[in-house]
Amino acid sequence: MSEPKTPTPTPAGDTYKGWVFKWTNYIKGYQRRWFVLSNGLLSYYRTQAEMGHTCRGTINLATATITVDDACNFVISNGGAQTYHLKASCEVERQRWITALELAKAKAARMQAESDDSGDDFSPSSPPMAPGQGGGSQNSEVQSALRTLGSKVEDLSTCNDLISKHGSALQRSLSELDSLRLTGEAGDKIRQVTERATLFRITSNAMINACRDFLALAQAHSKRWQKALQAERDQRVRLEETLEQLAKQHNHLERAFRGAAQANATADNKSDVGPGKGEASDEDDDNEFFDAVEEAPEFITVPADPQFHKRSSSNISGFNSEMCADDQSLNEEPLAMNQDSPSQELVPLKKRRTRIPDKPNYSLNLWSIMKNCIGKELSKIPMPVNFNEPISMLQRLSEDLEYHELLDKASKCQSSLEQMCYVAAFSVSSYSTTVHRTGKPFNPLLGETYELDRRRESGYRSLCEQVSHHPPAAAHHVISDRGWTLRQEITVASKFRGKYLSIMPLGTIHAIFEKGNNHYTWKKVTTTVHNIIVGKLWIDQSGEIDVVNHTTGDRCHLKFAPYSYFSRDVARKVTGVVMDKDGKAHYVLSGTWDEKMEFSRVMQSSRGGENGTEGKQKTVYQTLKAREVWRKNPLPEGAETMYYFTNLALTLNEPEEGVAPTDSRRRPDQRLMEDGRWDEANSEKQRLEEKQRSVRREREREAASQRTSSESEEAVDEDPLNDPSLKSVPHENYQALWFERCEDRITGEQVHIYKGGYWEAKDRGSWEGCPDIF
């Protein structure tokens, strides 16, 4: 029998393997078996090859007893149920196994004793994705390190006991030999061995005393080390707060400078700025306190009296007299679109992909990039693709159509108030995809487009185009065969503020329904990415939305509650009230932007108690039972390795034939990133950005030349390139290909509206007017 193939076991309890003879029965006697000691369990196999599939037996050392019979035999038993009679090839090998087994038994007993209170190091009340989790993880790391150190000290103590035990036995054996009357060379050998054993025991005692001194010293200084660690943590928090304060001061100076520049600017330089667009990104800088004291609700909902559930022609006090038959049916049945005939079912012609290559695990020093970005527009900062997800902002806008069926159902509604419930739910549903999506979409190049043709599957066609680069603006137009049109122009203003990143979409979203000619508008709320420097990234949505029906005057006010440490409400909560043009409430909406929304029919409203924070009275709504109007679709399997993309997002960058040369699917750096070739993607991204800058400089020179030729002779001597008014020329000189700039008749804003021609050009396969941007 060969000796174990692995080194002698260490006090750390490492895995120990080797051949040992095991008693089987009186016929076969002792048989050679392969034993493995690991994690407090002793298992055996007939051969080493069986380790992967067949274990012949296992015994838990935590409750086992280990006894030694003679020079080579030893017995392991757990009280009668299992008993192993084992025999080693020699006494040295037996002693190695005994030492390893006793160390493993001591460690297993400690682990079993600590298993009942192992969860005490973790806080059960910490909310998911809450800020400040970094401190909790650091505390758990410290506790883990302390437990490891404690385990090592216990191992030393066990070794101490073993050395004392075996040393005493050796000393007794030598004393017995010395008592025998041996003469000559044998006596000299016995005395020599006795002296060496004595020296070994003295050395062992010295090592044990040194270990005890080390343990006492460590215990004496542990509190001092804990205080030093806490001081370092406090200093880090102070540095983060100082960084945030500097970011705010930088922002205030930037606003002051902008205000002074606007005060000195001429009226001509202000003519192209939309109403309120120039400063909207900064107007709420001082009002963003996400961990403030919990706000009191604006209204309270209580179940309505059972009499409201009964259909009766009699007049009931407080009942809304204008409740029509359509609204009454709504109380009994969930919102649902009318049944279509089987002939109208749309069958997809193409099987869409359900996976993309897994995200590579590349490390990157975030602070080295972010420290120079404080106070700057995110769109002006050169970012590596490590921070991105492999889709563009145009595709991200198209992802708002994830729950297009809400608009399909809305188009079938008979009541505008019922329709408002669907439109409001649709406005909330677009945020459901952001809860895990911390990656930044690619900034589209000027003139870049993206089409999403789902006419055969879902009845709609969508087109996006990047119509401006500074500030970045994208125009979006969707037409559906099911009776609705959606359009928007979104300009994203983003600011890095030290510990978090604020993303403020500017622009108005329009939804127009053919039936009833109802025209709805709303805006987007602020998205905040927390823990930019330290900790795990998490996203919050906060702000208020007014969904307005400009045809009937109906309105729905939605409130996205910001995360608060002190709030007792569910996280990511959204509430809203649907009112008619006279301000009378008809529906109450509630839910969360990452999971679902529900509606309740208002039967009666009244003024309730006072709001403790402002002294205002809260409205109490008596409502019927809440019914679900929208629920988030589950993520596909393995989404955590695919940037947390939804089923729709996985198909957005899928290559398609016949799309425009400017389509995002053809963008090379984005395609390289999706394929996992990030280094090549970074190089390609720099090439595309430099190409875009070169085109912009050429466009500026052309605009300056045109302006110079049309100026009066008094301005001929001036250098046109130094004229500050030319800063807006490039934007005026550039004309979008598929959208035209005009004044919106509803909001009065200067927006880009689809002028037609794209789908016709696709049918012809004619893309002569498309610029070469890739």
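A residue counts as buried when its relative accessible area is under 20%, as exposed when that area is over 50%, and as partly exposed in between (1.4 Å probe, protein chains only). Lysine 596 is partly exposed, because its relative accessible area is 24%. What you're looking at is a predicted model, where local features need pLDDT of at least 70, side-chain atom pairs count only at pLDDT 80 or more, and totals for chains, interfaces and linings use all residues. Residues are numbered from 1 along each chain as its sequence is written, and side-chain values use heavy atoms, with hydrogens and water left out.

**Salt bridges**

- The structure has 35 salt bridges, each one a side-chain nitrogen of Lys or Arg within 4 Å of a carboxyl oxygen of Asp or Glu.
- Lysine 596 pairs up with glutamate 598 in one of these, at 3.4 Å from N to O. Glutamate 598 is partly exposed too, since its relative accessible area is 22%.
- Glutamate 451 and lysine 762 form a salt bridge through their side chains (2.5 Å, N to O). This pair ties together distant parts of the chain, 311 residues apart: glutamate 451 belongs to strand β11 (residues 449-454) and lysine 762 to helix α15 (residues 758-764). Helices (H or I, at least four residues) and strands (E, at least two) are DSSP runs, numbered from the N terminus.
- Both glutamate 451 and lysine 762 are buried.
- Aspartate 594 and arginine 572 make another salt bridge, at 3.2 Å from N to O. Aspartate 594 sits in the loop between β22 (585-592) and β23 (596-610), while arginine 572 sits in the loop between β20 (555-560) and β21 (573-579).
- Aspartate 594 and arginine 572 are both buried.

**Nonpolar cores**

- A nonpolar core is a set of buried Ala, Val, Leu, Ile, Met, Phe, Trp, Tyr and Cys residues joined through side-chain atoms within 4.5 Å.
- The largest one has 63 residues, and Leu486, Trp522, Val547, Leu558 and Phe560 touch the most other members. Helix α9 (residues 416-429) supplies the largest share of this core, nine residues.
- Leaving aside residues up to four places away in sequence, leucine 558 has contacts that include Ala424, Val428, Ile545 and Leu589; contact means heavy atoms within 4.5 Å.

**Histidine 752**

- You'll find histidine 752 in strand β27 (residues 750-754).
- Histidine 752 is buried, because its relative accessible area is 13%.
- Beyond residues up to four places away in sequence, histidine 752 touches Val467, Ala475, Glu489, Ala736, Phe739, Glu740 and Arg741.
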